[in-house]
Amino acid sequence: MAVSLWNDTFTIVFTLSDGVYNGKTWEEKETYTGSLKSAIRHAFNKHPAATADFYTSEGYWLKQIWWY
C-alpha cells in the first residue's frame, strides 16, 4: 500500500509532562485515520501541552511538533 499524507492511518506518539517542577514524562500512543493536517489538528485539540511525533501506517517518521 502506498503512503499518502492525505489519507492514511497515522500513529501519534505524545510525550506528556506533569509540569516544570517535577519533570516526570510519559508517552501516550494512538492512531488517527485521515490526513496529516487533520491528525495535527486532532493532536492540538487532545492535549493543551505536549510533544507529538507522527508516523505513517508503514512506520515512517514524518515530523515532530510541540506546543505549550
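Modeller: Glu28 counts as partly exposed, because its relative accessibility is 26%. Here buried means under 20% relative accessible area, exposed over 50%, and partly exposed in between, with a 1.4 Å probe and protein chains only. This is a predicted model, in which local features need pLDDT of at least 70 and side-chain atom pairs count only at pLDDT 80 or more, while totals for chains, interfaces and linings use all residues. Residues are numbered from 1 along each chain as its sequence is written, and side-chain values use heavy atoms, with hydrogens and water left out.

Glu28 pairs with Lys46 in a salt bridge, the closest N and O atoms being 3.9 Å apart. A salt bridge is a side-chain nitrogen of Lys or Arg within 4 Å of a carboxyl oxygen of Asp or Glu. The pair links distant parts of the chain: Glu28 sits in strand β2, Lys46 in helix α1, 18 residues apart. Helices (H or I, at least four residues) and strands (E, at least two) are DSSP runs, numbered from the N terminus. Lys46 is partly exposed, because its relative accessibility is 38%.

Lys46 also meets Glu30 in a salt bridge, at 3.3 Å from N to O. Again the partners come from distant parts of the chain, with Glu30 in strand β2 and Lys46 in helix α1, 16 residues apart. Glu30 counts as buried, because its relative accessibility is 15%. Shared partners join Glu28, Glu30 and Lys46 into one network. The whole structure has 2 salt bridges. Side chains of opposite charge can pair when their charged atoms come close.

Now the helix itself. Helix α1 spans residues 36–46, and its buried residues are Leu36, Ser38, Ala39, Ile40 and Ala43. Their cover includes β1, β2, β3 and β4. Contact here means heavy atoms within 4.5 Å.

Asp8 makes a contrast. Asp8 lies in strand β1, residues 8–17. Asp8 is buried but has no salt bridge; Lys29, the nearest side chain of opposite charge, is 14 Å away. Lys and Arg count as positive, Asp and Glu as negative; His and the chain ends are not counted. The side chain of Asp8 does make a polar contact with that of Ser57, at 2.7 Å. Such a contact is a pair of N or O atoms within 3.5 Å; within protein, one must be able to donate a hydrogen and the other to accept it, and residues adjacent in sequence count only if both atoms are side-chain atoms.
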